Amino acid sequence: MGDIHSIRGNACFEKRIHKPDLRALGLYEKFVELGWEAVVDFCGNESGEVYIGSIMEWLSTLTKDDGRTPPRTITLTGKVNGKPTTMSLALLNQVTKFDSKVDSFYTFIKENYYLNDKTKIVGENVMYSELFLLGKGVEMKRDNQKPLERVLLSLLVTIVAPWLRDLMSIRKWELLVLFAIMTRQIHLSFQQLVMLHIWQSRNKRKKKLIPHARLISAFLRKQGVVPISEKPFAKPHATFSIADMCNSDRITHMKTQLWHKVKFGDGARLKVLQWGKQRPSQGEMDDLDSSDEELLRRKRETGIEVGEGSSRQHEEPRQSNYS
C-alpha cells in the first residue's frame, strides 16, 4: 500500500462539521430524517489521533463473507496484531449508532447496483432532474449540478463517500447518495455504505485510498486489537463549513450581516440565510451591501421580468432568491 507518508496522504480523515452552516443550508434535517445524525457528529478521537499502522494491517488482510442473506449479512474480516477482527453492521454500532432508525427502515442494496448500475434502484431521468440544472445536460461534472447539490457533494466526499482526487467529476454512486439525502425516497444505510467503500478500496488495483480513516481507527480500538505499543498519527481535525468549502479560486464566499453568498466558477449562485438570523420583512433592505440584489428581489416578487443574470439562470434555495 506504499510507505507511511504516502499512506497518510491517501487517507480520508473525517472532518468536524460546522452544524450551524449545515442547518442554514437545510441539510441537517435531511440527515436526521435518514437517521444519520450521528454521521454529522462523528469525528473519531477528540484529540485527532488515528492508528494508521493498525488500519493498514487490517485492510491489507481483508476478506469478505456474504453470510446467509446478503447484503445485510456481509462481514469484513482482517487481522491486526495477529488477531482476526470482523466488521459487521451490528459491530459498527459499538462505535456509534450511525443508523438510528429501525433496521426495517433501511434499504440494503447490492454492491454492483450501488457502484455500477444505480438505475436498478432509481430511474435515471428521475435522478438527473432532481440533481442537475435544466439545460446543462447530465455530463457527470459538478458544474452541471444545482448549487445546493454541489455543496452537499463537497460534504459527502469528506464524511459519507470519501474521495480525494478529481473533485470536479462525480462518481456514479455519489449520485445515488445525493438523491437519497435530498429526496429521502431511498433510505440508505450509512453503515452499509461504509463497508461498501472499504471493500471497494481494498479491491482497487493500486489500493491507494483509505476511506473512513477515523471510523476504522475507532472501530479497531473498540475491538481491543490496536497494540499498546503503536504510536498514533496525530491528525488535527479540519472543519467543513460553507467558508471552508469555498476555499478555492473556483468558488467564492461572502458573509454579510444576514446571508452566506456563494458564487461558483460557472456563474451559478447560492444565497443562504445564516442560522439564527431573521429573514428581512417585506420592505426591509436585505443587507447594507446588497441594494442591487434587493432591487432584483423585489422585481421578482412583483412579477417583473429581469434579464441576464436573473434567478432564471440559477438555483434558488428555499431560504432566499439570489442572483
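Rings of Phe, Tyr and Trp, the last taken by its six-membered ring, pair if their centres lie within 6.5 Å. On that basis F31, W36, F42, F98 and F190 of this predicted model form one aromatic cluster.

**Figure 1. Overview of the predicted chain.** The model shown here and in the views that follow is predicted. The chain has 323 residues, of which 50% count as buried, and its secondary structure comes to 14 helices and 10 strands. Among contacts between residues at least 6 apart in sequence, 65% join residues that are at least 24 apart.

**Figure 2. The open sheet built from β3, β4 and β5.** Three strands make up this open sheet, in the order β3-β4-β5 and with antiparallel pairing. Its edge strands are β3 (63-65) and β5 (83-87), each of which pairs on one side only, and the twist from one strand to the next averages 30°. Strand β4, which spans residues 75-80, is joined to β3 by three bridges in the antiparallel sense, and within this pairing K64 stands opposite L76 of β4. On the other pairing, β4 and β5 run antiparallel and are joined by five bridges, with V80 standing opposite K83 in β5. The strands β4 and β5 form a hairpin that has two residues between them, and in its turn N81 has a positive phi of about 55°. Helix α11 (residues 190-203) lies across β3, β4 and β5, and runs at about 60° to β4.

**Figure 3. The open sheet built from β8, β9 and β10.** This open sheet also consists of three strands, here in the order β8-β9-β10, and the pairing is antiparallel. At its edges stand β8 and β10 (269-273), each with a single partner strand, so that one side of each is left without a neighbour in the sheet. The twist averages 15° from one strand to the next. Strand β8 (residues 251-255) runs antiparallel to strand β9 (residues 259-264), the two being joined by five bridges, and H253 has V262 of β9 as its bridge partner. The hairpin formed by β8 and β9 has three residues between the strands. Five bridges likewise pair β9 with β10 in the antiparallel sense, and here the bridge partner of K261 is K271 in β10. K271 also lies over the face of W259, at 4.3 Å from the ring centre. Helix α9, residues 147-159, lies across β9 and β10 and runs at about 80° to β10.

**Figure 4. Aromatic residues and the surroundings of F105.** A search of the whole structure finds eight aromatic pairs. In the pair of F105 and Y106, the ring centres are 5.0 Å apart and the planes stand at 90°, so the arrangement is edge-to-face; planes over 60 degrees apart are counted in that class.

Figure 5. S189 is found in the loop between α10 (172-183) and α11. With a relative accessibility of 1%, S189 counts as buried. The side chain of S189 makes a polar contact of 2.6 Å with the side chain of D99. When neighbours within four places in sequence are left aside, S189 is in contact with W36, L89, D99, Y106, T107 and F108.

Key: Residues are numbered from 1 along each chain as its sequence is written. This is a predicted model: local features need pLDDT of at least 70, side-chain atom pairs count only at pLDDT 80 or more; totals for chains, interfaces and linings use all residues. Side-chain values use heavy atoms; hydrogens and water are left out. Two strands pair if DSSP finds at least two bridges between them. Helices (H or I, at least four residues) and strands (E, at least two) are DSSP runs, numbered from the N terminus. Axes are lines fitted to C-alpha atoms, for helices over the stretch in contact, and angles run from 0 to 180 degrees between N-to-C directions. Contact means heavy atoms within 4.5 Å. Rings of Phe, Tyr and Trp (its six-membered ring) pair if their centres lie within 6.5 Å; planes under 30 degrees apart count as stacked, over 60 as edge-to-face and the rest as tilted. A charge sits over a ring if NZ of Lys or CZ of Arg is within 6 Å of the ring centre and within 35 degrees of the ring normal. Buried means under 20% relative accessible area, exposed over 50%, partly exposed in between (1.4 Å probe, protein chains only). A polar contact is a pair of N or O atoms within 3.5 Å; within protein, one must be able to donate a hydrogen and the other to accept it, and residues adjacent in sequence count only if both atoms are side-chain atoms.
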